[in-house]
Amino acid sequence: MYKLYILYSDIKNRYYIGYSADELLERIRKHNSNHHGFTGKTGDWKLVYHENYNAKELALKREKEIKAWKSRKMIEKLISSAG
């Protein structure tokens, strides 16, 4: 099972969009570890949205679709529609 996920950092006031075959809790732990890269250093990333897919290609396609929006409002609308 592949997951498309959106994380949010209060410190950065930013969203991070990704996909993974890993367990989501483990993936979030990795994002919150001290490492180089966009999600490193803050350690406050929390899961705010996710979707499940049976194929890697579908999860990757959805990730690229959301990233192409380049719109915080659209991302927040997606997140609020799930809750």
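Is Arg-62 buried or exposed, and what is its relative accessibility? That was what I looked up first today, keeping in mind that this is a predicted model.

**Entry: Arg-62**

I found Arg-62 in helix H2. Its relative accessibility is 15%, and buried means under 20%, so Arg-62 counts as buried despite being a residue classed as charged. I then checked what surrounds Arg-62. Leaving out neighbours within four places in sequence, I listed contacts with Leu-4, Tyr-49, Glu-51, Tyr-53, Trp-69 and Leu-78. I also looked at Tyr-19, which lies 43 residues from Arg-62 in sequence, yet their C-alpha atoms are 8.8 Å apart.

**Entry: H2 against H3**

Helix H2 spans residues 56–69 and helix H3 spans residues 72–82. I noted an angle of about 130 degrees between them, with the axes 7 Å apart. That angle makes H2 oblique to H3. On the H2 side I wrote down Arg-62, Ile-66 and Trp-69; on the H3 side, Met-74, Ile-75 and Leu-78. Sorted by kind, the residues of this contact come to five nonpolar, one charged and no polar.

**Entry: the two faces of H3**

Which residues of H3 are buried? I found Ile-75, Leu-78 and Ile-79. They sit on the same side of H3, because they cover an arc of only 95 degrees around the axis.

I turned the helix over to see its other face. Turned away from the buried side of H3 are the exposed residues Lys-73, Lys-77, Ser-80 and Ser-81. And what covers the buried residues of H3? The cover includes strands E1 (2–9), E2 (14–20) and E3 (46–53), together with H2.

**Entry: Thr-42**

My last stop was a loop. Thr-42 lies between helix H1 (24–31) and E3. With a relative accessible area of 18%, Thr-42 is buried. Which residues does Thr-42 touch, if those up to four places away in sequence are not counted? I noted Ser-9, Ile-11 and Lys-12. Of these I looked again at Ser-9: it is 33 residues from Thr-42 along the chain, and their C-alpha atoms are separated by 7.7 Å.

Key: Residues are numbered from 1 along each chain as its sequence is written. This is a predicted model: local features need pLDDT of at least 70, side-chain atom pairs count only at pLDDT 80 or more; totals for chains, interfaces and linings use all residues. Side-chain values use heavy atoms; hydrogens and water are left out. Axes are lines fitted to C-alpha atoms, for helices over the stretch in contact, and angles run from 0 to 180 degrees between N-to-C directions. Helices (H or I, at least four residues) and strands (E, at least two) are DSSP runs, numbered from the N terminus. Angles under 35 degrees count as roughly parallel, over 145 as roughly antiparallel, 65 to 115 as roughly perpendicular and the rest as oblique. Contact means heavy atoms within 4.5 Å. Buried means under 20% relative accessible area, exposed over 50%, partly exposed in between (1.4 Å probe, protein chains only). The arc is that of the directions from the helix axis to the C-beta atoms.
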